[in-house]
Amino acid sequence: MAAGGSYSIVEYFGGDGGYRCGYCKHETGNFSHGMWSHNMTVQDYQDLIDRGWRRSGKYVYKPVMDKTCCPQYTIRCHALNFHPSKTHKKTLKKVNRFLSKGEMPVERHDEGREGEPMVSAHEEGVHPPPQDPLEADHSDVQDISTSPDTDTTNSSAPTPAREDAAPAPEEKTPNVTPKPGKGADPSRPLGRKAKDIRKERRLQKEQQKQPEAKSSSVDPSPSKSSSNQPKSLEEFITESLPNDPLHRLEVRLVPVSFEDPDFLASYEQSAAVYARYQMTVHGDAPYECGESEFKRFLCDSPLEAETAPDGPDVGYGSFHQQYWLDGRIVAVGVLDILPSCVSSVYFYYHPDFSSLSLGTYSALREIAFTRQLQKQSPKLAYYYLGFYVHSCPKMRYKGQYRPSDLLCPETYTWVSIERCIPRLEISAYSRLNENAHEGDACALKELGRVLVLHRRTVMPYVAYARKRKGSNDEKEVEQYASLVGQTCAERILLYRA
């Protein structure tokens, strides 16, 4: 239950049938479990994606990892410790050259290197119901009462302390006094190059000449690094941009809400860019990427907007990060801001700017955005890129945003990608956790404590089973609860007709 007293409410659909794979194009090789989320708290969704679930609109699905043709591993990047690679730096410089001088690079046809596959976040074959199954009787999700059998004081199992709740900062080498005759003398200042000394003196003189100069208001604001440290991601993003560039790029964050004036004002323009992108890049027919599809997949979100005293200023929930170039939208990143991460849902852009590698550029901006939010909310320290599919070469680029981890499909623990790749080279599916004795810490232990919603009443499954004598849904409920885990099963309401 959220801080405001609301529950997450889902309907479980199972996952026995196979459908077309969006990666290898196998007609019936893609298997996943699915559920329709009528409402979802951000903490519940955070816990679900940490068990391999992912949303497409209000449809939340989990690949059947040991059965599907192209196993999809949840991947997260340690945003605080991220350093851009040479390819990332080239992309940032390319965009900055375009902004400052109008230089448009020659089109290149290596989509994987340019990061464009990142935008294919909602996999083919995911077919949410055309309408809300509860529309016939909304009373079932309003004025919810609690059954006397429901223990609300301890309705969820205690969440174990997570060792991976926040990334460890880069370790500093302790000061150790060297033995006589070995190493530098710690009592004397470190030797410095004459070039660095001259540079420092020159900077000091410039600062003395301009004592009242105001700091730059460019967003993201670069974190200053000393001359002997590598440039930060933020510095590369704003590097070499003049005060009066030829083109002006503005990044705006708007909540996905039809009650928000900024979202409403930009809705039609954003939908038009989405349609152009889908038809040009993915070959969709116009009817496949119309306004209704745009709304269902990228605007309808089950996540409740929430704020917390220790959360980011923008709050939690679903957002569109819009890229405005000279007053018009050229790209949009669909993001979920959750208690521990920024989760990338989808990204689309105007095809006229495909040579700028906007898929890669947006991912770098989203990592910088995660770092910005982490300053306000310390536990929000990860950037989730969706699924990493090693068996699909075009999807391996996600592993280039390092340091990063993959989620073990059996223990739901995080394993560094460097340790995972050798195993995935041998087999598309792998238990990534090397500890054979470790299991799922949130495995289902008590089916009777699973919460269900039946006739406007919240009750544990054991009470529901007594009321519904002869009910044959125990296997389905058990499968659902084992997939979401004991903790979520005792918080999320499973709708029972």
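Predicted model: local features only at pLDDT ≥ 70, side-chain atom pairs only at ≥ 80, totals over all residues.
Me: How do strands hold together in a sheet, and in what order do they lie here?

Reply: In general, strands of a sheet pair through backbone hydrogen bonds, either parallel or antiparallel. Here, an open sheet of 8 strands runs in the order β3-β4-β2-β1-β16-β14-β15-β6, and its pairing is mixed.

Me: In which sense do β14 and β16 pair?

Reply: Strand β14 (residues 451-454) and strand β16 (residues 493-495) are parallel, with 2 bridges between them. Opposite Leu453 you will find Tyr495 in β16. Helix α11 (residues 474-489) packs on the sheet, where it touches β1 (9-14), β2 (32-39), β4 (59-63), β14 and β16. The direction of helix α11 makes about 140 degrees with that of β1.

Me: Is Arg496 buried or exposed?

Reply: The cut-off for buried is under 20% relative accessible area. Arg496, in the segment after β16, counts as buried because its relative accessibility is 9%.

Me: Which side chains make polar contacts with that of Arg496?

Reply: There is Asp473, at 2.8 Å, and there is Glu476, at 3.0 Å. Beyond its sequence neighbours up to four places away, Arg496 also touches residues including Val452, Leu453 and His454.

Me: And where is Gln374 found?

Reply: Look in helix α8 (residues 358-376). Gln374 is buried, because its relative accessibility is 16%. Setting aside neighbours within four places in sequence, Gln374 is in contact with Leu80, Leu380 and Ala381.

Methods:
Residues numbered from 1 in each chain as written. Heavy atoms only, no water. Helix = DSSP H or I, 4+ residues; strand = E, 2+ residues; numbered from the N terminus. Buried < 20%, exposed > 50% of the residue type's maximum accessible area, 1.4 Å probe, protein only. Contact = heavy atoms within 4.5 Å. Pairing = 2+ DSSP bridges. Axes fitted to C-alpha atoms, helices over the stretch in contact; angles between N-to-C directions. Polar contact = N/O pair within 3.5 Å; in protein donor to acceptor, adjacent residues only side chain to side chain.
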